[in-house]
Amino acid sequence: MTDQHSGTRWPALPADTWMATRETLHRWTQIVGKTRLALSPMLNHWWQVPLYITPRGLSTGPMPYAAGSCEVVFDFRSHRLRVHTCDGRTHQLALEPRSVADFYHAYRALLREAGIEVTLWPVPVEIEDATPFAEDHDRRSYDATAVETFWDIMLSADRVLQEFRSIFLGKCSPVHFFWGSFDLAVTRFSGRPAPPHPGGIPHLADWVTRESYSQEQIAAGWWPGGNGQEAAFYSYAYPGLPALAEAAIQPAEAFYSKEMGEFFLPYEAARTAPDPHQTIMRFLQSTYDAAATLAHWDRANLERS
C-alpha cells in the first residue's frame with residue numbers, strides 16, 4: 001500500500017516468501033560491507049562499516065584506496081553491483097541467481113580489475129552458519145521481485161527514521177544499514193558511558209560488541225525478518241531497563257519482548273494501518289519516551305521542543 005506521505009510505499013513481504021533470497025543477499029552485503037571495514041578509518045561504534053541508503057540501493061559511500069577514492073553500490077532497480085573509482089571508471093556484475101561462493105570470487109575479481117587491493121575477512125558474522133564465503137555453494141537464490149519489494153520498504157523505513165532522527169539534538173548515528181545484523185538502524189546517545197556489553201553474539205568478537213555499546217543509547221530500526229520471525233520495527237535501550245516491560249507505548253499492536261529485551265511493532269501491523277508513517281512514528285517516539293525517562297536522560301538539552 002501507499003500511505004498519505006507521497007512516495008512512501010509499504011508492500012507486503014512475508015518472511016517465508018523470500019527466505020532463500022534473504023539469506024543469500026545477507027551474505028552478499030556482508031562481503032561488500034567488509035570492504036568498507038577494511039578500507040575506511042575507524043569511527044566510534046563502528047560507524048565506518050554500515051552501508052547507506054540511496055534512491056536505487058545500498059552504497060558503501062566513498063572509501064579511500066591506493067589510487068584515490070572508490071565506491072561500491074548495490075543497484076536494486078537494475079540489479080547490478082557497481083564499483084566506481086575516482087578516475088571515472090565503473091566495473092560491474094549482474095545481481096542474479098548465483099552462489100555466495102560465485103559472488104565472492106566474481107566480486108574479488110571486480111575489485112582487482114578496478115585496481116583495489118584489499119584483504120577481506122572471508123567469514124560471515126552475527127549468524128549461526130559461518131560457512132566461509134568461498135565455500136558456500138548452497139545459497140544461490142536471487143528473486144529480483146522480492147529484492148525490489150525489500151528495497152521499497154527500506155526506502156520508506158529510511159524516510160521515517162530520518163524524520164525521527166531530526167528531532168534529537170544530542171549525539172546520534174546516521175540512519176544506516178548494518179550488514180551484520182541485516183537491519184536499518186538509528187541510535188541516540190545520552191552522553192554517558194555504559195557498562196561493558198556481555199557479548200555472546202554468534203561469530204562476533206566480544207570486544208567488537210563492547211565498542212558498539214560503549215555509551216548509553218536508545219536504538220531503533222527496521223528488520224526484514226528471519227529465523228522464523230516476521231519483519232518488524234524495533235526499539236531498545238542499552239543498558240537494559242527492566243521497568244520498560246511495564247511501559248505504556250503506542251500503537252496497541254506494539255509489545256515488549258522480555259526474551260529479547262526490546263519493543264517490537266510487527267511490520268504487517270504498521271503497513272496495514274490507516275497511516276503507516278504516523279503509526280511508526282508513534283511507536284518510535286513512545287518507546288524512546290519510556291526509555292529516556294526511565295534512564296533519566298537530560299531530555300531538555302537533548303531534544304527539540
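Colleague: Which residues is Gln 217 in contact with, leaving aside its neighbours within four places in sequence?
Modeller: Thr 187, Arg 188, Phe 189, Ser 212, Tyr 236, Ala 237, Tyr 238 and Trp 297. They're called contacts because heavy atoms come within 4.5 Å. Bear in mind that this is a predicted model, where local features need pLDDT of at least 70 and side-chain atom pairs count only at pLDDT 80 or more, while totals for chains, interfaces and linings use all residues. Numbering runs from 1 along each chain as its sequence is written, and side-chain values use heavy atoms, with hydrogens and water left out.

Colleague: What makes Gln 217 count as buried?
Modeller: Its relative accessibility is 4%, and buried means under 20% relative accessible area (exposed is over 50%, partly exposed in between, with a 1.4 Å probe and protein chains only). So Gln 217 qualifies.

Colleague: And what polar atom pair goes with the side chain of Gln 217?
Modeller: One of its polar atoms lies 3.1 Å from the backbone oxygen of Gln 215. A polar contact is a pair of N or O atoms within 3.5 Å; within protein, one must be able to donate a hydrogen and the other to accept it, and residues adjacent in sequence count only if both atoms are side-chain atoms.

Colleague: Gln 217 lies in strand S9. How do you know that S8 and S9 pair?
Modeller: Pairing takes at least two bridges found by DSSP, and S8 (residues 183-193) has 7 with S9 (residues 215-223), running antiparallel. Strands here are DSSP runs of E, at least two residues, and helices are runs of H or I, at least four, numbered from the N terminus.

Colleague: Why do S7 and S11 stand at the edges of their sheet?
Modeller: The open sheet has 6 strands in the order S7-S8-S9-S10-S12-S11, paired antiparallel. S7 (176-178) and S11 (255-257) each have a single partner strand, so one side of each has no neighbour in the sheet. Neighbouring strands are turned by 30 degrees against each other on average, direction ignored. Helix H3 (residues 144-166) lies across S7, S8, S9 and S10 (232-238), at about 25 degrees to S8. Axes are lines fitted to C-alpha atoms, for helices over the stretch in contact, and angles run from 0 to 180 degrees between N-to-C directions.

Colleague: What makes S12 largely enclosed?
Modeller: 4 of the 5 residues of S12 (residues 262-266) are buried, so the rest of the structure largely encloses this strand.

Colleague: How many cavities of 30 Å³ or more turn up in the whole structure?
Modeller: There is 1, and the largest cavity holds about 30 Å³. On a 1 Å grid over the protein atoms alone, a cavity is a set of points where a 1.4 Å probe fits but cannot get out, and lining residues have an atom within 4 Å of a point. Among those lining the largest cavity are Phe 164, Thr 187, Ala 219 and Ser 235. S8, S9 and helix H6 (276-294) each give two or more residues to the lining.

How values were computed
1 Å grid on protein atoms, 1.4 Å probe; cavity = no way out; pocket = protein on both sides within 12 Å on 5 of 7 lines; lining within 4 Å. Points joined across faces, edges and corners; volume = space filled by probe spheres on them.
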